Amino acid sequence: MEARVGVGVFVLNDEGKFIMGRRKGSVGAGTWALPGGHLEFGESFEACAARELLEETGLAVGDVHFLTATNNVMEDVGKHYVTIFMQCRIIGEKTQPEIMEPDKCEEWEWASWEDVRSWEASGQDDERKLFQPIHNLFVQRPLFRPAHN
């Protein structure tokens, strides 16, 4: 089996919070993750991030740039992903995410890095369990944090 490339997107607001959603109907169902998805053939990381954000949340974004990556071997489901983490800002009048793909996401909410760090520290309880690529940010990139510029 080959590794696939996923893209996770930190969409920052003016308070430095970003969108997290509870996954539904796919790998990691019930866990909290960033909006994002699979990199398509020939697509840039930036284009993938903007496309996935619009498809999943209805938000248009700009200032899209690379942050870091994690290696995610999900042995329990036989999947291997390299996740590329991007960051961007909302552009336009619409500033709140909508559930555009109800079969993939139960809800969106704004969270700070400190919120997510506390979810990680809580031992991955069922209510706030993180999707493996987010968990792996803490394990593989312990000094990482999304920048608020």
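Predicted model: local features only at pLDDT ≥ 70, side-chain atom pairs only at ≥ 80, totals over all residues.
Student: What makes D63 stand out in its phi?

Tutor: D63 is not a glycine, although its phi is positive, about 50°. D63 belongs to strand β5.

Student: Why is D63 called exposed?

Tutor: The relative accessibility of D63 is 53%. The term exposed requires a value over 50%, so D63 counts as exposed.

Student: Which residues of α1 are buried, and against which elements do they pack?

Tutor: The buried residues of α1 are C48, A49, R51, E52, L53, E56 and T57. They pack against strands β1, β4, β5 (61-74), β6 and β7.

Student: Why is C48 called buried?

Tutor: Buried means under 20% relative accessible area. C48 has 0%, and therefore it is buried.

Student: What places C88 in a class of accessibility, and which class is it?

Tutor: The relative accessibility of C88 is 1%. This value is under the limit of 20%, so C88 counts as buried.

Student: Why is E98 called partly exposed?

Tutor: E98 has a relative accessible area of 40%. The partly exposed class lies between the buried limit of 20% and the exposed limit of 50%, so E98 is placed there. E98 is in the loop between β6 and β7. Leaving aside residues up to four places away in sequence, E98 touches E56, T57 and W108; of these, E56 and T57 are among the buried residues of α1.

Student: What makes V77 partly exposed, and where is it?

Tutor: V77 is in the loop between β5 and β6. Its relative accessible area is 43%, a value between 20% and 50%, so the class is partly exposed. The C-alpha atoms of V77 and V27 are 7.6 Å apart, although the two residues are 50 apart in sequence.

Student: How do you know whether L143 is buried or exposed?

Tutor: L143 has 83% relative accessibility. That is over 50%, so L143 counts as exposed. L143 is in the segment after α3.

Student: Which residues of α3 are buried, and what covers them?

Tutor: P133, I134, N136, L137 and F138 are buried in α3. Their cover includes β1, β3 (32-33), β5, β6 and α2 (113-121).

Student: Which residues does I90 touch?

Tutor: I90, in strand β6, touches V11, L12, L59, A60, V61, T95 and W110, residues up to four places away in sequence not being counted.

Student: What is known of the largest pocket, and which residues lie nearest its centre?

Tutor: The largest pocket holds about 630 Å³ of space. Its lining has 29 residues, of which R23, G36, G37, E56 and F131 lie nearest the centre. Among the elements that give two or more residues to this lining are β1, β2, α1 and α3. By class, the lining has 13 nonpolar, nine polar and seven charged residues.

Student: What is the volume of the second largest pocket, and which residues are closest to its centre?

Tutor: The volume of the second largest pocket is about 210 Å³. It is lined by 12 residues, with G28, T31, D76, K129 and Q132 closest to the centre. The lining divides into five nonpolar, five polar and two charged residues.

Methods:
Residues numbered from 1 in each chain as written. Heavy atoms only, no water. 1 Å grid on protein atoms, 1.4 Å probe; cavity = no way out; pocket = protein on both sides within 12 Å on 5 of 7 lines; lining within 4 Å. Points joined across faces, edges and corners; volume = space filled by probe spheres on them. Helix = DSSP H or I, 4+ residues; strand = E, 2+ residues; numbered from the N terminus. Nonpolar A, V, L, I, M, F, W, Y, C, P; charged D, E, K, R; others polar. Buried < 20%, exposed > 50% of the residue type's maximum accessible area, 1.4 Å probe, protein only. Contact = heavy atoms within 4.5 Å.
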